[in-house]
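Hi everyone, thanks for making time. I'd like to talk about charged side chains today, so let me put the structure up on the screen.

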Amino acid sequence: MGIVYKKYLQVENGEKILVCNTCKTHFATYEHILSKQFFGQYGKAYLFSNVINVYTGEAEDRTMRTGRHTVQDIHCAECSTVVGWKYLVAYEPTERYKEGHFILERTLLNHVQM
Ligand SMILES: [Zn+2]
């Protein structure tokens, strides 16, 4: 895996950011949320355009309600908790907008206000 350098999000005062519920590592801002209409293993999940301080696992094919996708689990860089997944390939043309984007499970997130 190599060394993961922990980064911090640059945000305005008062802006909320999404962090790891276990270790409070920064993941994303609310502006990175593309959709809140997703479901993960534990319930509600959000689709993000970008997430920082995570590393990816092995690529594998999974069949979801919206068809077959190649995905990688994403782990928190600090505590290694699996917090969601990244879409690499969507086989259904209507699902291609997800490619390269990230799902984070709502229940595994917390937020802090800067
Ligand atoms: Zn963590």
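Which side chain meets that of Asp 73 in a salt bridge? The partner is Arg 62, and the N to O distance is 2.9 Å. One thing to keep in mind as we go: this is a predicted model.

Now look at where those two residues sit. Asp 73 belongs to strand β6, which covers residues 67-76, while Arg 62 belongs to strand β5, residues 54-64, so this pair ties together parts that are 11 residues apart in sequence.

Arg 62 has another partner too. It also forms a salt bridge with Glu 60, and here the closest N and O atoms are 2.8 Å apart.

How about solvent? Arg 62 is partly exposed, at 22% relative accessible area. Buried would need a value under 20%, so Arg 62 at 22% does not count as buried. Asp 73 is also partly exposed, with 24% relative accessibility, and Glu 60 comes out as partly exposed at 37%.

Let's move on to another pair. Glu 99 and Arg 96 form a salt bridge whose closest N and O atoms are 3.9 Å apart. The cut-off is within 4 Å, so this pair still counts. Glu 99 is partly exposed at 29%, and Arg 96 is partly exposed at 44%.

Terms used: Residues numbered from 1 in each chain as written. Predicted model: local features only at pLDDT ≥ 70, side-chain atom pairs only at ≥ 80, totals over all residues. Heavy atoms only, no water. Buried < 20%, exposed > 50% of the residue type's maximum accessible area, 1.4 Å probe, protein only. Helix = DSSP H or I, 4+ residues; strand = E, 2+ residues; numbered from the N terminus.
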